[in-house]
Amino acid sequence: MAQVAMFPLGTVLFPHTPLALRIFEERYLVMLGRLLEDDDPQFGVVLIERGSEAGGGDQRFGIGTMARITNVMAAEKDIHLIAVGGARVEVSDWSEDEPYPTASVRELPPLVWDDALTPLRNEAERIVRRVLSRAAEYNEVQWDANIEISDDPLESSWQLAAIAPLGQLDQLRLLRSTTLGGLLRELIDLTLAAEPVLTATADDAAFDQALLTLLEEEDGGDAESKD
């Protein structure tokens with residue numbers, strides 16, 4: 001077990017994926033100052049279950065990712081930093097949030113690449129990029145469908161999970177993966193399941209609502225006729 005500084009966020013951080021943060025709260029400024037005294041400054045990132053990032057008092061999920069600080073830029077009233085996701089960790093015990101959140105964590109086993117997974121990884125990339133491209137036609141998306149990812153198959157598998165247009169809970173499911181094959185299969189399934197919602201137009205939504213209203217009215221009419 002290791003005691004590490006923690007940064008609860010409203011987003012999931014994946015291994016081998018960049019994280020940009022703007023730090024302005026006093027407690028995290030203190031945390032950053034102490035971390036930068038280390039030769040290899042790192043902190044843990046976990047997804048907030050309930051509450052908000054600012055002010056504390058939030059509830060947090062128990063699995064996260066270590067973030068290695070690579071760049072720090074000071075502004076007049078805040079600090080901007082870039083970090084990269086590293087090992088996944090599981091929180092065993094939270095300490096007091098003073099002066100900033102800390103927790104005892106254990107490192108989860110890294111996923112292992114097998115060349116037999118190459119077709120599955122390629123299929124995952126094809127689907128993620130296609131759905132990202134289609135979703136961009138209807139909504140604002142965080143990542144460009146043509147964004148470059150690592151040539152390393154293990155790193156790129158995690159990066160595909162990061163850029164897939166999924167909700168935070170779906171991302172957390174991916175972060176919990178115990179095998180790389182399981183990660184890629186779940187990534188494909190979740191992305192395909194999200195596609196209809198991401199590509200629905202306002203007209204589609206209006207039609208669905210009208211159909212639902214009609215069905216409810218018919219159900220009500222049947223109930224009245226039985227009386």
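In the predicted model, residues 24 or more positions apart account for 65% of those contacts in the chain that have a separation of 6 or more. The chain has 227 residues, of which 41% are buried. Its secondary structure comprises six helices and six strands, which follow one another along the sequence in the pattern β-β-α-β-β-β-β-α-α-α-α-α.

On the side of α2 the contact is made by Leu120, Arg121, Glu123, Ala124, Ile127, Val128, Arg130, Val131, Arg134 and Ala135, and on the side of α5 by Gly181, Leu184, Arg185, Leu187, Ile188, Thr191, Leu192, Glu195 and Leu198. Eleven of these contact residues are nonpolar, two are polar and six are charged.

Helices α2 and α3 pack with their axes 10 Å apart, at an angle of about 30 degrees. An angle under 35 degrees counts as roughly parallel, and α2 and α3 are therefore placed in that class. Their crossing is left-handed. Arg121, Ala124, Glu125, Val128 and Leu132 of α2 meet Pro153, Ser156, Ser157, Leu160 and Ile163 of α3 in this contact. By class, the contact of α2 with α3 divides into six nonpolar, two polar and two charged residues.

For the pair α3 and α5, the axes come within 10 Å and cross at roughly 30 degrees. Helix α3 passes α5 in a left-handed crossing. The contributing residues are Leu154, Ser157, Trp158, Leu160 and Ala161 from α3, together with Leu180, Leu183, Leu184 and Leu187 from α5. The contact of α3 with α5 contains eight nonpolar residues, one polar residue and no charged residues.

Helix α3 is largely enclosed by the rest of the structure, because eight of its eleven residues are buried. The buried positions in α3 are Ser156, Ser157, Trp158, Gln159, Leu160, Ala161, Ala162 and Ile163. The elements that cover them include strand β5 (79-94) and helices α2, α4 and α5. Pro153 also belongs to helix α3, but this residue is partly exposed, with a relative accessible area of 26%. Pro153 touches Trp113 and Arg121, when residues up to four places away in sequence are not counted. The C-alpha atoms of Pro153 and Asp114 are 9.1 Å apart, although the two residues are separated by 39 residues in sequence.

In soluble globular proteins, nonpolar side chains tend to be buried together. The largest nonpolar core of the model has 35 residues, and Phe14, Leu174 and Leu187 are those with the most contacts inside it. Strand β4 (59-74) and helices α2, α3 (153-163), α4 (168-175) and α5 each supply at least two residues of this core. Helix α5 gives the most, with eight residues. Another core, of 18 residues, lies apart from the largest one and includes Leu9, Ile23, Leu35 and Ala83. Within the largest core, Leu187 is among the residues with the most contacts, and Leu187 also takes part in the contact of α5 with α2 and in that of α5 with α3. Phe14 touches Thr65, Gly85, Trp158, Ala161, Ala162, Gln171, Leu174 and Leu175, not counting residues up to four places away in sequence.

A backbone feature was noted at His16. Most residues other than glycine have a negative phi. The phi of His16, by contrast, is positive, near 65 degrees. His16 lies in the loop between strands β1 (2-9) and β2 (18-23) and counts as partly exposed, at 29% relative accessibility.

Terms used: Residues numbered from 1 in each chain as written. Predicted model: local features only at pLDDT ≥ 70, side-chain atom pairs only at ≥ 80, totals over all residues. Heavy atoms only, no water. Contact = heavy atoms within 4.5 Å. Helix = DSSP H or I, 4+ residues; strand = E, 2+ residues; numbered from the N terminus. Nonpolar A, V, L, I, M, F, W, Y, C, P; charged D, E, K, R; others polar. Core = buried A, V, L, I, M, F, W, Y, C linked by side-chain atoms within 4.5 Å. Buried < 20%, exposed > 50% of the residue type's maximum accessible area, 1.4 Å probe, protein only. Axes fitted to C-alpha atoms, helices over the stretch in contact; angles between N-to-C directions. Left-handed = near helix turned anticlockwise from the far one by under 90°. Parallel < 35°, antiparallel > 145°, perpendicular 65-115°, else oblique.
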